[in-house]
Amino acid sequence: MADSKAWWAGGMRRTWLLIALLLAIAPLPSDGAAAVASTPARGESSRGSVVLIRINGSINPAVVAYIEDSLDAANKEGASVLVIQLDTPGGLLNSTQRIVKDLLGSAVPVIVYVAPSGASAASAGMFITEAANIAAMAPGTTIGAAHPVESGGGEPNAVMGKKIENFAASFAKTVAQERGHNPQWVEDAVRNSAAIGDREALSQHVVDIVARDLTDLLLQSTGVEVKLGERKITLMLTGAAVHERTMSLAQRFLNALADPNLVYLLLMGGLIGLYFEFAHPGVYMPGVAGAICLLLALTSFQVLPINLSGLLLLLLGVGLLISEAFLTSYGILGIGGIVAFVIGSLFLIDGAQTTMAVSRGLIAGAALALTAIIVGLGYLIVRDRRGQAATGREGLIGEVGEVRDLIAPGVAGRIFVHGEHWRAVADELIASGERAQVTAVHGIEVEVRRVS
């Protein structure tokens, strides 16, 4: 019994010694090593990933949502960098400010690449390009022309225009200085609509890189040090895997509605459809299509900056054109309607908040087409109302039928006309089988005369 207890005690001691030995030789990571393992420095691995998005068109709330979603996805995936391939004529000022704010505060390095050849980063695109950690352009691209414009595309008024210009210039200089770009040229692009090509932009330190394609861009960006808040990170992008993200269905739909020309056509289609439905009740299809077009146009009003005065002038013009079709104004209502319609169309988009505007050619074509359609439909309506009745008792007048019973002065007979038998009287003798024409209707009796 004593031997067994001694053996058990010796075994326990050997077990505890083995455990202590294993703990002593186990590779316990230090605090620094643990930090490196759990949070690897983003961008320092040559095998990091790259998230690519493409923006082709105006800058609007749909693009804002697209960029913000992509930044979140890149951050969650631990991507090395987000590349924004940009080609834009400009866009909304508030959307631009929001994108610039997102890029300046991004936790993921951002490269804005103006591409492909022939693309441009005009107006709002210049601000977005300058806000990136690395601004790049493809050969044959341009940047600049960021001067504010007024509604309808003209110059702003003296006081408000100066305020907008000073704000835009200060905003652009601040962004350029934050990213180490040329603040003087950026200010000139705002105040004087300066625009330059890729080589000149590189020599004047407006952008950091001119790259032939995405592969060349990643190669030239490798080794570049960027600043993320208080941290500085060196990008290592050679051989990085590229994952492209596209807009969601809702974002694509909203982006399409941000086109002023499409919105204008939807508004015109809605007005014409509803007018046709009210003029010809019971057709249904024009009314349904018009209502859908108007609802889509109203949805786009939440995306685009709509000038209320311009919209009211446009609706007034349509109303005057409709009135011309029913009232005798000797052309005064029609001329006033066309003038109000054209002016309202020019001022429909608030140019103080965006460089986008409705095409002048589209406005001219819409004015002519809308005038022709409304006047034409009005003419048909008036003609129908003034024309001879084709149904009911009034529709019998002028109809020719066959006499079935003798008709004579003071003697009523019968006539088969318009698919029915009617009691008929006449001031002359009309034998059975002869043809007679209805001249008047009195209740259930008609007056007729012989037709040779």
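Reader: What makes Asp 198 count as buried or exposed?

Author: Asp 198 has a relative accessible area of 8%, and buried means under 20% relative accessible area, exposed over 50% and partly exposed in between, with a 1.4 Å probe and protein chains only; Asp 198 is therefore buried. Please keep in mind that this is a predicted model, in which local features need pLDDT of at least 70 and side-chain atom pairs count only at pLDDT 80 or more, whereas totals for chains, interfaces and linings use all residues. Residues are numbered from 1 along each chain as its sequence is written, and side-chain values use heavy atoms, with hydrogens and water left out.

Reader: Why is the pairing of Asp 198 and Arg 199 called a salt bridge?

Author: A salt bridge requires a side-chain nitrogen of Lys or Arg within 4 Å of a carboxyl oxygen of Asp or Glu, and the side chains of Asp 198 and Arg 199 meet at 3.7 Å, N to O, so the pair qualifies. Arg 199 has a relative accessible area of 56% and is therefore exposed.

Reader: What is the N to O distance for Arg 212 and Asp 216, and how do you classify Asp 216?

Author: Their side chains also meet in a salt bridge, at 3.7 Å from N to O. Asp 216 has a relative accessible area of 10% and so is buried, while Arg 212, at 64%, is exposed.

Reader: Which parts of the protein does the salt bridge between Arg 423 and Glu 445 tie together?

Author: The closest N and O atoms of Arg 423 and Glu 445 are 2.1 Å apart. Arg 423 lies in strand β14 (residues 420-425) and Glu 445 in strand β16 (residues 445-450), so the pair ties together parts that are 22 residues apart in sequence; strands here are DSSP runs of E with at least two residues, helices are runs of H or I with at least four, and both are numbered from the N terminus. Arg 423 has 45% relative accessibility and therefore counts as partly exposed. Elsewhere, salt bridges that share partners join Glu 165, Lys 173, Glu 187 and Arg 191 into one network, and the count for the protein comes to 11 salt bridges.

Reader: How do you know how the span of helix α13 compares with what is expected?

Author: The expected span is 1.5 Å times one less than the number of residues. Helix α13 (residues 308-324) has 17 residues and reaches 24 Å from its first C-alpha to its last, close to the 24 Å expected.

Reader: Why are the buried residues of α13 placed on the same side?

Author: The buried residues are Gly 310, Leu 311, Leu 314, Gly 317, Val 318 and Leu 321. They cover an arc of only 120 degrees around the axis, which puts them on the same side of α13, the arc being that of the directions from the helix axis to the C-beta atoms. On the other side of α13, Leu 308, Ser 309 and Leu 312 are exposed.

Reader: What joins the side chains of Gln 85 and Arg 54?

Author: A polar contact of 3.0 Å joins them; the term means a pair of N or O atoms within 3.5 Å, where, within protein, one must be able to donate a hydrogen and the other to accept it, and residues adjacent in sequence count only if both atoms are side-chain atoms. Gln 85 lies in strand β2 (residues 81-87) and, at 13% relative accessibility, counts as buried.
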